Amino acid sequence: MDQRSLSPQTLAAQGLGEADPATGALAPVISLSTNYEQQPDGSYPQGRTYTRADNPTSEHAERLLGALEGGACALFSSGMAAVTAVFQSLLPGDHVLVSRVLYWGVRKWLAEFALTWGLDVEFTDTTDLGAVAAVIRPGGTRLLWLETPANPMWEVTDLAAVCELAHAAGVRVAVDNTVATPVLTRPFEHGADLVVHSASKYLNGHGDVLAGAVLAARRDPLWERIRSWRRNAGAMPGPFEAWLLQRGMRTLFLRVHRASDTALAVATHLAGHPALAEVLYPGLPDHPGHQVAARQMTGGFGGMLSIRLAGGAAQAHAALREVRVFKRATSLGGVESLIEHRRGSEGPSSPVPDDLLRLSVGIEAPGDLIADLEAALDATASSPAPEAAGR
């Protein structure tokens with residue numbers, strides 16, 4: 001059967017179904033060599049010269065992720081290396097529009113380095129098409145960067161609509177698809193030009209890899225510039241990290257679907273809880289972006305949600321101390337469930353409300369997770385902590 005006719009789920013489970021040509025092994029071989037033999041005439045028969053540019057193990061992971069997203073793929077040494085490669089491939093003076101709600105690491109890098117790089121960065125509400133249209137500068141705006149659902153408030157942007165709007169003005173659209181993953185959303189199908197991942201999260205799924213990826217709908221000059229930046233900056237992942245990444249992607253569909261189902265169960269159970277001011281999850285019918293999410297997310301609404309405590313920051317810190325099944329840690333997308341006070345992780349300049357806890361739902365039994373949160377909320381309701389506790 002032609003590989004192109006197979007579903008992404010099958011391609012992921014079989015790791016593209018490629019056996020090692022030398023041994024017939026179904027598990028990919030790790031190529032640790034940093035360099036390759038040059039022929040007497042100066043040629044490299046396989047087109048590889050140095051692993052900072054190319055590596056067979058990385059290439060396998062790239063082909064797999066490229067097949068899942070539907071574009072050309074380049075792996076990076078981290079999610080932030082992938083993100084910054086996109087921005088640093090732009091030119092001084094370029095106007096860039098960025099989602100007002102997005103991963104803190106990206107916001108922090110833009111605040112500290114974008115100006116010195118010569119970029120003109122403007123934040124906007126990408127969920128509001130009118131707001132986006134009002135700030136696009138024809139001939140000047142080069143890139144629109146967005147996340148959906150957007151970390152950690154989980155706002156939802158209509159990808160098809162915003163891409164149509166941006167393209168009409170000649171603006172490229174880059175989508176951070178770390179949270180939705182290609183299991184739930186394939187941004188290229190909605191018109192995106194670039195897709196970016198922190199591959200350390202759901203793609204790997206086991207909390208033991210640092211990696212990132214940029215994918216492109218077309219192999220145009222910007223794409224080649226991004227690849228050149230990776231090579232010249234040395235932002236390539238190691239072969240073992242690439243091998244672990246492709247192994248993690250084999251269970252991607254199972255993990256994302258399980259986490260999505262459980263997150264919906266948790267969010268539904270907590271909605272209306274007296275200890276909570278708000279449950280932020282696009283799978284809830286009263287979420288402002290629910291209708292858009294239901295249209296562009298297939299098979300679930302993701303494993304990420306946030307809760308805002310009615311008792312404010314003091315209760316949020318108190319609840320954080322009481323959990324036993326959820327692990328107090330940053331990051332997301334692993335098999336174990338995590339919880340954190342997001343503003344505490346980001347610092348005093350964070351725009352995240354101080355009463356918010358971010359939850360990354362894993363693949364544990366849903367009842368255990370719900371019981372853990374219920375117990376933590378009950379404990380804080382009966383004995384609230386002082387405002388300064390836990391900071």
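## Strand E4 and its partners

In this predicted model, strand E4 (residues 141-147) runs parallel to strand E5 (residues 172-176), and five bridges join the two; strands count as paired if DSSP finds at least two bridges between them. One of these bridges sets Leu 143 against Arg 172 in E5. Between the two strands the chain passes through helix H6 (residues 159-168), and this β-α-β crossover is right-handed, a term that applies if, with the strands pointing away from the viewer, the path from the first strand over the helix to the second runs clockwise. Helices (H or I, at least four residues) and strands (E, at least two) are DSSP runs, numbered from the N terminus.

E4 also pairs in the parallel sense with strand E2 (residues 95-99), over four bridges, and here Val 98 has Trp 145 of E4 as its bridge partner. Six of the seven residues of E4 are buried, where buried means under 20% relative accessible area with a 1.4 Å probe and protein chains only.

E10 pairs with strand E11 (residues 338-341) in the parallel sense over two bridges, with Lys 327 standing opposite Leu 338 in E11.

Axes are lines fitted to C-alpha atoms, for helices over the stretch in contact, and angles run from 0 to 180 degrees between N-to-C directions; contact means heavy atoms within 4.5 Å.

## The chain as a whole

The chain has 14 helices and 12 strands. Along its principal axes the C-alpha trace spans about 80 × 50 × 40 Å, and buried residues make up 55% of the 391 residues. Among contacts between residues at least 6 apart in sequence, 71% join residues at least 24 apart.

## Basis of the values

Residues are numbered from 1 along each chain as its sequence is written, and side-chain values use heavy atoms, with hydrogens and water left out. As the model is predicted, local features need pLDDT of at least 70 and side-chain atom pairs count only at pLDDT 80 or more, while totals for chains, interfaces and linings use all residues.

How values were computed: Buried means under 20% relative accessible area, exposed over 50%, partly exposed in between (1.4 Å probe, protein chains only).
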